[in-house]
Amino acid sequence: MTTRRSVYRQGIGWLLLLAPFFFLTYWQVNQFTAGRDNISSLVFEWERHIPFVPLTIIPYWSLDLLYGLSLFVCTTLNEQRRLVCKLVLASLIACIGFLLFPLQFTFTRPEITGLAGWLFGQLERFDLPYNQSPSLHIILCWLLWRHFHRHLKGKWQALNGGWFLLIAVSVLTTWQHHFIDVITGLAVGMVIDWLIPGQGQWRWRIASGKRKILATRYLFGVLACLAGTFVTPWLWWPTLALLIVALAYGALGVEALQKDRTGRLTPAAWWLLFPWRLGMMLSMHCYTRRLPAVSPLVDGLFLGAYPCRPVEQQAVLDLTGEFPRSHASQDVVYCCVPMLDLVKPDYDTLYQAVGSLEQLRITHGSVLIHCALGLSRSALVGAAWLLYRYPGLGVDDAVDRLRKTRPQVVFTSEHLELLKQWKTEVTT
């Protein structure tokens with residue numbers, strides 16, 4: 001059992017290790033880069049209009065205090081260890097970036113007096129203008145904002161978000177970083193946040209069948225976008241998004257998309273996967289123009305596409321992993337069992353989906369089962385529910401009923417194989 005005393009004791013131990021690790025790695029890399037020749041810089045012309053605001057050095061410095069405090073707000077030792085892994089990884093990735101892609105800050109600060117002058121003086125004792133991209137300050141800002149956000153509620157969450165936003169802005173208004181450092185730091189912070197989620201753990205599964213085929217296709221997309229980064233660096237974003245999706249199909253499963261049972265995506269997954277999700281959204285709107293929005297099945301159950309208009313049923317079972325909860329379902333009872341598109345889920349996920357569907361039907365009477373198009377995942381769960389609810393039906397009978405209800409539904413050979421296994425299990 002975790003006690004506050006054990007959290008505090010371990011937190012002190014971690015702090016005694018993290019503090020020298022943070023300062024020594026950062027300082028050593030800064031000193032090394034300062035001795036290199038021809039250090040370049042990357043500055044947008046509009047950045048020259050960013051004002052220098054001396055007092056923003058206060059929120060800038062406050063990140064160091066919050067760094068130490070973060071270890072002691074953890075509620076479990078496991079959470080504390082995850083946070084430590086994130087902080088160590090942040091320093092390591094930033095330092096690697098400083099060594100591989102050295103940049104320097106180019107603006108000259110004016111003379112400063114008073115408290116702000118003293119704080120700038122302390123900063124300049126160990127900080128040279130070479131550890132730039134990705135900004136370690138921004139990486140930590142993202143990670144610590146997310147960490148404190150989980151432990152706060154209501155107005156305190158808003159206050160927390162506002163202060164960390166001020167910290168993020170301060171790296172520009174203290175003339176400590178250029179904009180490219182902020183963008184790259186934000187990306188690295190999100191990747192670390194995605195890589196070490198707040199709860200659960202990765203379960204590696206070797207892909208086979210359709211999953212392997214789709215993972216390979218996404219990897220080709222990754223390579224194409226990667227080649228395009230030589231034309232425009234903005235293609236790093238879709239490159240990263242497609243890589244995460246390839247990992248989801250190839251090894252990590254739907255957990256890589258980080259959607260929970262309430263339909264929320266983690267902020268890191270929301271932003272990192274945005275280019276892919278945008279493509280999926282455009283594809284969905286293109287296909288659904290030729291499909292009925294909702295098709296009745298039986299006993300108050302309906303199959304449909306991702307709802308864009310207010311849901312008329314009393315409850316919703318959402319099977320998408322790629323989209324957050326639709327605003328059209330905000331006023332009805334909601335449950336989510338995320339699945340990857342175009343591939344069969346594992347047996348436990350199907351069992352969970354059918355169990356949730358039956359509970360919603362019993363409790364609320366009418367239920368909309370939806371995925372993106374209402375053709376594959378929702379059809380599979382609908383067929384599995386029919387086999388459970390009407391044991392006399394065969395797999396072919398259940399599939400035929402779905403096809404009569406929604407003629408465009410798609411059942412792959414893997415789906416049919418899973419339904420046969422399901423039929424055997426639920427009737428024995």
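1. Helices (H or I, at least four residues) and strands (E, at least two) are taken here as DSSP runs and numbered from the N terminus. Proline 134 sits in the loop between helix 4 and helix 5. The peptide bond that joins serine 133 to proline 134 is cis, with omega about 0 degrees.

2. The basis of these remarks is as follows. The model is predicted, and local features need pLDDT of at least 70, side-chain atom pairs count only at pLDDT 80 or more, and totals for chains, interfaces and linings use all residues. Residues are numbered from 1 along each chain as its sequence is written, and side-chain values use heavy atoms, with hydrogens and water left out.

3. On the overall architecture, the protein contains 15 helices and five strands. Its C-alpha trace spans about 85 × 55 × 40 Å along the principal axes. Of its 428 residues, 48% count as buried, where buried means under 20% relative accessible area, exposed over 50% and partly exposed in between (1.4 Å probe, protein chains only). Contact means heavy atoms within 4.5 Å. Among contacts between residues at least 6 apart in sequence, 78% join residues at least 24 apart.

4. Rolling a probe the size of a water molecule over the atoms shows where empty space is left. On a 1 Å grid over the protein atoms alone, a cavity is a set of points where a 1.4 Å probe fits but cannot get out, and lining residues have an atom within 4 Å of a point. Grid points are joined across faces, edges and corners, and a volume is the space filled by probe spheres set on the points. By this rule there are two cavities of 30 Å³ or more.

5. The largest cavity has a volume of about 170 Å³. It is lined by 15 residues, of which Phe22, Tyr26, Tyr60, Asp64 and His137 are the closest to its centre. At least two lining residues come from each of helix 1 (4-34), helix 2 (57-70), helix 4 (114-126) and helix 5 (136-149). Helix 2 gives the most, with four residues. By class, this lining has nine nonpolar, four polar and two charged residues; Ala, Val, Leu, Ile, Met, Phe, Trp, Tyr, Cys and Pro count as nonpolar, Asp, Glu, Lys and Arg as charged, and the others, Gly among them, as polar.

6. Valine 7 also belongs to helix 1. Why does valine 7 count as buried? Valine 7 counts as buried because its relative accessibility is 0%. Valine 7 and histidine 137 are 130 residues apart in sequence, and their C-alpha atoms are 25 Å apart in space.

7. The second largest cavity has a volume of about 40 Å³. Its lining includes Tyr249, Trp276, Gly321, Glu322, Asp341 and Arg377. The classes in this lining are six nonpolar, one polar and three charged residues.

8. At 4% relative accessibility, glutamate 322 counts as buried. With residues up to four places away in sequence not counted, glutamate 322 touches Leu257, Leu265, Trp276, Arg277, Met280, Met339, Ala372 and Arg377. The C-alpha atoms of glutamate 322 and glycine 198 are separated by 19 Å, and the two residues are 124 apart along the chain.

9. Two packed helices are described by the angle between their axes and the distance between the axes. Axes are lines fitted to C-alpha atoms, for helices over the stretch in contact, and angles run from 0 to 180 degrees between N-to-C directions. Helix 3 (residues 77-100) packs with helix 7 (residues 179-195) at an angle of about 145 degrees, and their axes are 10 Å apart. In this pairing, Lys86, Leu89, Ala90 and Ile93 of helix 3 meet Val188, Ile192, Asp193 and Leu195 of helix 7. By class, the contact has six nonpolar, no polar and two charged residues.

10. Two residues other than glycine have backbone values to check. Tryptophan 175, in the loop between helix 6 (155-173) and helix 7, has a positive phi of about 55 degrees. At 17% relative accessibility, tryptophan 175 counts as buried. Aspartate 299, in the loop between strand 1 (294-296) and strand 2 (301-304), has a positive phi of about 50 degrees. Aspartate 299 is partly exposed, with a relative accessible area of 34%.

Notes
1 Å grid on protein atoms, 1.4 Å probe; cavity = no way out; pocket = protein on both sides within 12 Å on 5 of 7 lines; lining within 4 Å.
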